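Visitor: Hello! I am new here and would like a guided tour, please.
Guide: Welcome! Have a look first, and then ask away.

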Amino acid sequence: MNVDIKTTAVTQIRQTFSHVARQLGGDKPASRYQEATIGMQPMVNFHYRPLWQPEMEVYDVRRTKLVMRDWYTFKDPRQFYYGTYTIARSRQQETMERNLEFVDKRGLLRDLPEALRAKLIFTLVPLRHAEWGANTNNCYMTAYGFGVAITQATMFHSMDRLGLAQYLSRIGLSLDGNSGDSLAEGKRLWLEDPAWQGIRRLIENMMVCEDWFELFVAQNLVLDGLLQPLIFQNFEQGFAKAHGPALSLVTEFSNNWFDETSRWVDATIKTAVGESPANAELVQQWIADWRLAAREALAPYAAAVFVDAADDEVSSVEAVLDNRLTKLGLKAKAAA
Amino acid sequence: MNMPTNPQKPAKKLSLKENYSHLTRGLGWDTSYQPMDKVFPQDKFEGIKIHDWDKWEDPFRLTMDAYWKYQGEKEKKLYAIVDAFQQNNGQFNVTDARYINTLKLFLTGVSPLEYAAHRGFAMAGRNFRGTSARIAAQMQAIDELRHAQTQAHTISHYNKFFNGLHDYTHMHDRVWYLSVPKSYFEDAMSAGPFEFVTAISFSFEYVLTNLLFMPFMSGAAYNGDMATVTFGFSAQSDESRHMTLGLEVVKFILEQDPGNVPIVQKWLDKWFWRGYRLLALVSMMMDYMLPKRVMSWAEAWEMYFEQNGGALFNDLTRYGIRMPKYHEVASMEKHRLSHETWATFYNYTHAAAFHTWVPEESEMKWLSEKYPTTFDKLYRPRFEHWREQQAKGERFYNGTLPMLCQLCQIPMFFTEPDDPTKICYRETTYRDEKFHFCSDGCKDIFDNEPEKYIHSWLPVHQIYQGNCFRPGTDPTAPGFDPLAEVLQYYGFHVGEDGGEYLGSPDAKNWKAWTGKPAVSE
């Protein structure tokens, strides 16, 4: 016998919002990522000239030299909107919290030999300021960028960088038994130590870069593409080999985070340069300029951290970046 | 090197405050390779003086890991309920299809403001010199993105069954009455960071949230809209954080320098009046659009502004702040605001993305009770006349375009503060041009910053200038119908998205799908 549930027939009158349908090329079911992204930013009929930049509109494509026919051709391969973003990060922070607790409870960092503690403080703790700089820069892209497809991802990236800065602070606290001394020392190093000054100068220069997409290239592709693997892969792996996995546990978040976000950074660059030869040339030039600056900035830091192996370590992360650039159809070698 | 010594003992436990302070304070630094004024070029030109950013008290002390955890949890719950709502066709459990029109007003008028707030707070989150202030602004920036997106996702389901919701961001950029909320927010965003946070965090979030956001959510609860009310509850904890931030911001600015007081007072005057004018849309929603009413506009104004707002401003007198200018005009208008507004939309509903209707007899009785001094005398006769016209098949639509206030951009339908039968007109001459206003409040704001407000994108002016047609439209073509063309430009589906509710496709579908009458008893 058939079980027959009687239902009233109700036919939907449309599948999605019209502004989403126009982008998809027809009225068809849209994902939550699409409905959260496409067309959400105001595009026309702006009312007042910003007091802080009267030559522009509140939202204005002219804040970068990059030219796109459609700013919604950018896509985040992670399909992050607020919900998927926070749910993903809340899972990751649970793991990280367990790792931090594990390490802290057993004093795995705190009880390291003095020289190693000093090394970790020197290498990692000042980086919290660099992450704060990366937060500042991504917040700039969010504020002045164009199109939700990019600016929502840079918003998530801004908050990620604050999270990374705070995790680095937690590592510092785990190293100093919660006294905060390592944080004070980290700040002193950041402000005064010659090994850190190149990176600080580079970040301060980025903070005054007015073209938001150039800033995206400088911060998220070039500097992160070199500095993050240098620390969270090369340094971390070397340290783990010699001294066990304590550090790896507390840098797991950063490590995974870099892999995940690189996919988005690469997709964004690929879309930008695929748009036109003019864009490709522009992005290529930005990469060349900032890579030269980054190489100069990283040299004293790498020398202090890796000593004799510094050149090899830097070359290895340069190769990682070259590999990414080649895959994106860009010239690998910096102009220098 | 001055190395911290190895403690070699269990770490001491940190309080929440200490933990937050370690993790957050001190992240920023005074730049030296680039001048601070170049790194932070925007936080001085408004004349606000901040001597010590460390005096900023963080109201929440929320680190990112905690933020991800709480917010991720909230999102999981919210989307579970939205999914269940969709599967169960929850849209058919609302009182009647008239209710959906409040969602249309909300999605086209308010949700885009959540997005604008997201971007505005990102600007503030970049531009303040103080680290903690920037973090607070950034957290609000991402929260506001949450609200814009969860509203889209919640109301997305209604869009599949009802008209007027389908092109809400496109409409927000173009439609005449939506320039009221749009210009409000762009006004704040085009100002400096301190005015922005005073306008939005304080005047909007702290003083007016209970009159703007909450009436929609309460309306949803009263009218069986479980999806929207769930969103509302989920956003409530964000909103209370934002309100706390609003109060902290203003106190911080006022405490930093006595010279800040007159600047802030001027902003409070301006943003009170700007916000109040925006609320005209909410007043008609509360009194006319909800099939089941929560409270009247006048009652809401008394409770949330006259009492709560009054107490708040009383509290601020110790800083030298007084009640915002023209608050007494707002109170004088409370018995007519919603009636004047709804009547105007009844006139122009063919050019609006939501339906209007004449209130039922039982609803007019409610209005008489809530507005004993004005409704029967001034407004009931007009609705009864319209009802008669409608019965004769002569539903009234106003075929002309209204004159708009240069400042708030609302049609000039408000009446003189002391005479509800006389339309209020004000004007000012600036650089040999005449500008028109609906009120002294709006005129004052213009007179303080005329260079800014001559740039208002006034929808009616723009229509007359020929700027509201789709590309390629030829106004000289035979049989050219300007109104029809403007509605095309707006993205309206004529005959579906606006006009009289009775007999509309929404009303017909409602009856067919639910078997319930288009107007509930």
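Visitor: Are α3(B) and α10(B) roughly parallel or antiparallel to each other?
Guide: Keep in mind that this model is predicted. In chain B, helix α3 (residues 64-87) and helix α10 (residues 226-256) pack with their axes 9 Å apart, at an angle of about 175°. Angles over 145 degrees count as roughly antiparallel. The relation of α3(B) to α10(B) is therefore roughly antiparallel.

Visitor: Into which classes do the residues of the contact of α3(B) with α10(B) divide?
Guide: From α3(B) come Lys74(B), Leu78(B), Ile81(B), Val82(B) and Phe85(B). They meet Met226(B), Ala227(B), Thr230(B), Phe231(B) and Ser234(B) of α10(B). By class, that contact divides into 7 nonpolar, 2 polar and 1 charged.

Visitor: Let us move to chain A. How many helices and strands are there in chain A?
Guide: Reading along the sequence of chain A gives the pattern α-α-α-α-α-α-α-α-α-α-α-α-α. The count for chain A is 13 helices and 0 strands.

Visitor: Are α5(A) and α6(A) roughly parallel or antiparallel to each other?
Guide: The axes of helix α5 (residues 127-144) and helix α6 (residues 148-176) of chain A come within 8 Å and cross at roughly 165°. The cut-off for roughly antiparallel is an angle over 145 degrees. The pair α5(A) and α6(A) is therefore roughly antiparallel.

Visitor: In the contact of α5(A) with α6(A), how many residues are nonpolar, polar and charged?
Guide: On the α5(A) side, the contact includes Leu127(A), Trp132(A) and Met141(A). On the α6(A) side, the residues include His157(A), Arg161(A) and Leu168(A). By class, the contact of α5(A) with α6(A) has 10 nonpolar, 8 polar and 3 charged residues.

Visitor: What percentage of the residues of chain A count as buried?
Guide: The C-alpha atoms of chain A fill a box of roughly 75 × 65 × 40 Å along the principal axes. Chain A has 336 residues, and the part that counts as buried is 52%.

Visitor: Now for both chains together. Which helix gives the largest share of the side of chain B that touches chain A?
Guide: Here 77 residues of chain B are in contact with 79 residues of chain A. Several helices of chain B each supply at least two residues of that side, among them α1 (16-24), α5 (111-127) and α8 (179-189). The side of chain B that touches chain A divides into 29 nonpolar, 29 polar and 19 charged residues. Its largest share, 12 residues, comes from α6(B).

Note on methods
Residues numbered from 1 in each chain as written. Chains lettered and ligands numbered in written order. Predicted model: local features only at pLDDT ≥ 70, side-chain atom pairs only at ≥ 80, totals over all residues. Axes fitted to C-alpha atoms, helices over the stretch in contact; angles between N-to-C directions. Helix = DSSP H or I, 4+ residues; strand = E, 2+ residues; numbered from the N terminus. Parallel < 35°, antiparallel > 145°, perpendicular 65-115°, else oblique. Contact = placed C-beta atoms within 7 Å. Nonpolar A, V, L, I, M, F, W, Y, C, P; charged D, E, K, R; others polar. Buried ≥ 20, exposed ≤ 12 C-beta atoms within 10 Å, placed from the backbone.
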